[in-house]
Amino acid sequence: SSSIKMEALDIRGLEGGEHLVTINITDPASGKTSTTQDIFYIQQPDMATNLPMDSESIKRYRNQIKYIATAEEMQIFDSLPPTDKQGFILGFWKSRDTSPETEENEFMMDYFSRYNYAAKNFRGKDGGENSDMGRVFIIYGQPDDIERYEMQFQTKAYQVWQYFTGGGRHTFAFVDRNNEGIYTLVHSTVIEEIKNLVYF
């Protein structure tokens, strides 16, 4: 009756700006077809282009890098005057370009794709990108498997995300503690993450 399927679009070669994606799905058993459309944006800033450096933009840049920047990098960014923060941000993304021989910064494009997805699809008091689910999605990517459990008489709604990487298996458990669609991370098998054998 329901299914989740994740796909990816190769946007290399597309011009920057607004684009429309149309998805048609047909059930081969019944022949029923469903269509949906959504707008997406491509932003590939030229490294020579000046970035907006007003206070709100600086706050946004900081929020965008906080999950992958080192503590030292965050300290440097915070200590710089606004006039020098632009060079730091451009250098930050350039240093993480996994294929510097190409025109695109594939790492940055992939990261912002996840960041924007989290902002749009997860709930949090300060935006989906700042929620526990958003953070995990941005850092680790799309889960390989998601188990969803609705709220029961004595059990909160919760989700278990599974990642299968390099033959290993990593688990993240989230609980909707206040029944408001905001899921809190309560346990993970990743060393750096929270550990709690009793989920809720």
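View 1. The buried residues of α1 pack against α2 (71-79), α3 (82-95) and α4 (106-121); contact here means heavy atoms within 4.5 Å. Helices (H or I, at least four residues) and strands (E, at least two) are DSSP runs, numbered from the N terminus. This is a predicted model, where local features need pLDDT of at least 70 and side-chain atom pairs count only at pLDDT 80 or more, while totals for chains, interfaces and linings use all residues. Residues are numbered from 1 along each chain as its sequence is written, and side-chain values use heavy atoms, with hydrogens and water left out. Helix α1 spans residues 55-65, and its buried residues are Ser 57, Ile 58, Tyr 61, Asn 63, Gln 64 and Ile 65 (buried: under 20% relative accessible area, with a 1.4 Å probe and protein chains only). Look at the start of α1 too: a side-chain oxygen of Asp 54 comes within 3.2 Å of the backbone nitrogen of Glu 56, a polar contact (N or O atoms within 3.5 Å, one able to donate a hydrogen and the other to accept it; residues adjacent in sequence count only if both atoms are side-chain atoms).

**View 2. The open sheet, strand by strand.** Four strands line up as β3-β4-β5-β6 with antiparallel pairing; two strands pair if DSSP finds at least two bridges between them. β3 (145-149) and β6 sit at the edges with a single partner strand each, so one side of each has no neighbour in the sheet. The twist averages 20° from one strand to the next. β3 and β4 share 5 bridges, and Tyr 149 has Tyr 158 of β4 as its bridge partner.

**View 3. Strand β5 and its two partners.** In β5 (residues 170-175), 5 of the 6 residues are buried. β4 (residues 158-163) pairs with β5 over 6 bridges, with Tyr 163 opposite His 170. On to β6 (residues 184-188): 4 bridges join this strand to β5, and Phe 172 stands opposite Ser 188.

**View 4. Two nonpolar cores.** The largest nonpolar core has 31 residues, and those with the most contacts inside it are Ile 65, Ile 89, Trp 93, Val 136, Trp 161, Phe 172 and Phe 174. A core here is a set of buried Ala, Val, Leu, Ile, Met, Phe, Trp, Tyr and Cys residues joined through side-chain atoms within 4.5 Å. A second, separate core of 5 residues includes Tyr 158, Val 160, Ala 173 and Val 186. Zooming in on Val 136, its contacts beyond four places in sequence are Gly 141, Trp 161, Tyr 163, Phe 172, Phe 174 and Leu 185.

Terms used. Buried < 20%, exposed > 50% of the residue type's maximum accessible area, 1.4 Å probe, protein only. Axes fitted to C-alpha atoms, helices over the stretch in contact; angles between N-to-C directions.
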